[in-house]
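This report goes through a few local features of one protein model. Please look over the sequence and the structure before reading on.

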Amino acid sequence: QVQLVESGGGSVQAGGSLRLSCVVSGSITSISGMGWYRQAPGRQRELVAAITSGGSTVYADSVKGRFTISGDAKNTVYLQMNSLEVEDTAVYHCNAVRVVDPSGDMYLEVWGQGTLVTVSS
């Protein structure tokens, strides 16, 4: 079974940095793309950043210039978060789309359980 394993969350003061990691657990053949979403208390889940297997990236306007997504989008993705703001406090979820395993089964979307990022003033 394909799973996403996240790490790197924690608590930091405003202006600080954190790096999130997400690794695919299980055998896969291909992934179309990976990304990070976040959900703050009382708010809907929103896209933070994503990267395709071809290397194209997209960012939410609120994080442009502060966050950088990287990785091979084949089984690993990272999110470097700099100049963190209190408003960045949320549970961050890793996401993978169109995941194909060796038997040819495709998972349209796979989600990680989330890692908490808390930014204090």
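## Charges over rings

In this predicted model, the ring of Tyr78 has the charged end of Arg19 sitting over it, 4.1 Å from the ring centre.

## The aromatic pair

Trp111 also takes part in an aromatic pair with Tyr37. The structure holds one such pair. The ring centres of Tyr37 and Trp111 are 5.0 Å apart and the planes meet at 65°; planes over 60 degrees apart count as edge-to-face, so the pair belongs to that class. The two residues come from distant parts of the chain: Tyr37 is in strand 4 (residues 30-39), while Trp111 is in strand 10 (residues 106-111), and 74 residues separate them.

## The disulfide

A search of the whole structure finds one disulfide. In general terms, a disulfide is a covalent bond between the sulfur atoms of two cysteines. Here the bond joins Cys22 to Cys94, with an S to S distance of 2.1 Å. Cys22 lies in strand 3 and Cys94 in strand 9 (residues 90-100), so the link ties together parts of the chain that are 72 residues apart in sequence.

The angle about the S-S bond is -85°, and the link of Cys22 and Cys94 is left-handed. Cys22 and Cys94 are both buried.

## The loop at Gly15

Gly15 is placed in the loop between strand 2 (10-13) and strand 3 (18-25). Strand 3 is also the strand that holds Cys22. Is Gly15 buried or exposed? Its relative accessibility is 55%, and the limit for exposed is over 50%, so Gly15 counts as exposed.

What does Gly15 touch, leaving aside residues up to four places away in sequence? Its contacts are Ser83 and Leu84. Gly15 can also be related to Ser121: the two are 106 residues apart in sequence, and their C-alpha atoms are 8.8 Å apart in space.

## Summary

Gly15, in contrast, counts as exposed.

Terms used. Residues are numbered from 1 along each chain as its sequence is written. This is a predicted model: local features need pLDDT of at least 70, side-chain atom pairs count only at pLDDT 80 or more; totals for chains, interfaces and linings use all residues. Side-chain values use heavy atoms; hydrogens and water are left out. Rings of Phe, Tyr and Trp (its six-membered ring) pair if their centres lie within 6.5 Å; planes under 30 degrees apart count as stacked, over 60 as edge-to-face and the rest as tilted. Helices (H or I, at least four residues) and strands (E, at least two) are DSSP runs, numbered from the N terminus. A charge sits over a ring if NZ of Lys or CZ of Arg is within 6 Å of the ring centre and within 35 degrees of the ring normal. Buried means under 20% relative accessible area, exposed over 50%, partly exposed in between (1.4 Å probe, protein chains only). Contact means heavy atoms within 4.5 Å. A disulfide is a pair of cysteine sulfur atoms within 2.5 Å.
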